[in-house]
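Morning, everyone. One structure today, and I'll keep it brief.

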Amino acid sequence: WEFNGSFHQPSAFLMMGIPGLEALHHWISIPFCALYLIALLGNCVILFIIKKTQSLHEPMYYFLSMLAVTDLGLVLCTLPTTLGVFWFNMRRIGFDACLTQMYFIHILSFIESSVLLAMAFDRFIAISHPLRHPSILTRTTVIKIGLAIILRGMVSLLPIPFLLKRLTYCGKTELSHSFCFHPDIMNLACADIKVNVFYGMIILLSTVGMDFIFIVLSYILIIKTVIGLATKEECLKALNTCVSHICAVLVFFIPMIGLSMIHRFGKDVPPLVNTLVAYTYLIIPPALNPIIYSIKASHIREALLRALRRKSE
């Protein structure tokens, strides 16, 4: 413990693996390693395919590239500490290192939410105004959207580490996960955390919450447009272009909403449930997104098959 003026600040926190299953951490690490490997390889393959295939140089796949880069960032943020806990029981993480990891995890989560919204907007324009789609979402516009997404995440979350550093911590220093999460650190403080709770809730609702609402509104407008199409085949063809994105939205938002609700209102929820939801939120989407788009997005699938055939020849 370090004493600084009128408050106590821990020199480090202790991370937690899976509560009650510590003796099985080496075995449990096997599926985690598999998921991390799938996420790393899958997202790198998606980026490689999009870069090398000229026909994929369009807004839908530019946004998909942003999603893949964000997923890679999330994986690289959590992989060292998670496998460190499972393999070597390295539970200790410095206070400032924990705040840094937390900041980047939350930024990347917010960026992923915003990219999913941008992809929903792209699908809406492509289906509702197909002739104007290239002129509305030009490469310059896509770059501006990407920069705005990054800037929004960085600026909105910038006060969070400073709000945590001002708190007094005493007694318990054990986190609930093998990574640092804002509500988790905040709940270890023995000071008034109303400002942290209020700011965290406002930022969550004004960013991820609004993103989710606009994604739903986009699909309501897409469905309204699709219903007006002449034939059933046209309807199915239009909706089929959205299947991959809908799956990615569900895979990301369901665990995220569940984890946020557990941290804020689920005091009686068993620790094991809390831990499993957290790992589902941070590891499953980066691993599943490349699989979803490789299976459901025909252009990605065809480009991947062509690349595999060329390699085998």
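**Spans, fold and surface**

Start with the record. The unreviewed UniProt entry places the feature "transmembrane region" at residues 24-50, 62-88, 100-121, 142-164, 197-222, 243-264 and 276-295. Keep in mind that what you see is a predicted model.

Let's check two of those spans against the coordinates. Take residues 62-88. This span is 100% helix and 0% strand. Its end C-alpha atoms lie 39 Å apart. Now residues 276-295. Again, 100% helix and 0% strand. Here the end C-alpha atoms are 26 Å from each other.

Next, the whole chain. How many helices and strands does the chain have? Twelve helices and four strands. For the extents, the C-alpha trace spans about 70 × 45 × 35 Å along its principal axes.

On to packing. Of the 313 residues, 49% count as buried. Then the contacts. Consider those with a separation of 6 or more: 80% of them come from residues 24 or more positions apart.

Now the surface. The accessible surface of the chain is about 15900 Å². Which atoms does 71% of that surface belong to? Carbon and sulfur.

Last, charges. The chain carries 24 positive and 16 negative charges.

Over to you for discussion.

Technical notes: Residues numbered from 1 in each chain as written. Predicted model: local features only at pLDDT ≥ 70, side-chain atom pairs only at ≥ 80, totals over all residues. Heavy atoms only, no water. UniProt positions renumbered as here; feature names shortened; annotations may be inferred. Helix = DSSP H or I, 4+ residues; strand = E, 2+ residues; numbered from the N terminus. Buried < 20%, exposed > 50% of the residue type's maximum accessible area, 1.4 Å probe, protein only. Contact = heavy atoms within 4.5 Å. Areas by Shrake-Rupley, 256 points an atom, 1.4 Å probe, with all protein chains shown as cover. Lys, Arg positive; Asp, Glu negative; His and termini not counted. Charge placed at Lys NZ, Arg CZ, Asp CG, Glu CD.
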